[in-house]
Amino acid sequence: MTRPVSGGMSAAPLLEVCGLTVCFDTDEGPVPAVRDVSFSVGRGSVLGIVGESGCGKSVSCHALLRLLPGNARVSGEARFNGRDLLRLGGRELDALRGAQIAMIFQDPAASLNPVHAIGGQIAETLRLHRGM
């Protein structure tokens with residue numbers, strides 16, 4: 001999937017997801033959560049993902065950043081700048097997360113640890129990815 005840019009040329013999407021499928025293994029058997037989701041986002045574009053509660057929006061985004069629990073099975077492709085997020089090594093993925101790709105969680109207040117100062121938690125990303 002490509003989109004035209006000025007001058008008649010086409011550019012590869014910044015993010016291209018093809019056939020994303022997520023299934024959770026449980027004691028009762030596999031539970032499908034996301035089935036064959038595909039979309040692309042061009043550079044400088046915005047994509048809003050909307051749907052009813054429980055339809056797989058958060059699971060899809062967590063899958064792209066590989067933030068799902070160990071019982072999740074993920075298949076498909078998720079190319080960010082041409083690199084498949086679902087197949088990157090741990091260090092490569094750590095270098096991308098927070099520096100080039102991130103997500104805003106539905107309940108960001110729950111993502112903060114009340115035991116630690118907020119400033120330190122916010123600065124952590126800058127220290128890890130920007131060397132500040």
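## Pairing of strand S3

Val17 of strand S3 (15-26) has Ala78 as its bridge partner in strand S5. The model is a prediction in which local features need pLDDT of at least 70 and side-chain atom pairs count only at pLDDT 80 or more, whereas totals for chains, interfaces and linings use all residues. Residues are numbered from 1 along each chain as its sequence is written, and side-chain values use heavy atoms, with hydrogens and water left out. Helices (H or I, at least four residues) and strands (E, at least two) are DSSP runs, numbered from the N terminus. Two strands are said to pair if DSSP finds at least two bridges between them.

S3 and S5 run antiparallel and are joined by 8 bridges. S3 also pairs with S4, again in the antiparallel sense, over 9 bridges, and a hairpin of 2 residues connects S3 to S4. Within this pairing, Leu15 has Val41 as its bridge partner in S4, and Glu16 has Ser40. In a regular strand, side chains alternate between the two faces of the sheet.

## The nonpolar core

A nonpolar core is a set of buried Ala, Val, Leu, Ile, Met, Phe, Trp, Tyr and Cys residues joined through side-chain atoms within 4.5 Å. Buried denotes under 20% relative accessible area, exposed over 50%, and partly exposed in between (1.4 Å probe, protein chains only). The largest such core has 20 residues, of which Leu15, Val17, Leu64 and Leu85 touch the most other members. Two or more residues come from each of S3, S4, H1, S5 and helix H2 (90-96). S3 makes the greatest contribution to this core, with 5 residues.

Apart from neighbours within four places in sequence, Leu15 is in contact (heavy atoms within 4.5 Å) with Phe39, Ser40, Val41, Leu64, Arg79, Phe80 and Leu85.

## Helix H1 and its cover

Helix H1 spans residues 57-64, and its buried residues are Lys57, Ser60, His62, Ala63 and Leu64. The cover over these buried residues includes S3, strand S4 (29-41) and strand S5 (72-80). After H1 comes Arg66, which has a positive phi near 55 degrees.

## Cysteines

A disulfide is a covalent bond between the sulfur atoms of two cysteines. Here it is counted as a pair of cysteine sulfur atoms within 2.5 Å, and the count by this rule is 0. Cys55 is partly exposed, with a relative accessible area of 38%, and Cys61 also counts as partly exposed, at 25% relative accessibility.
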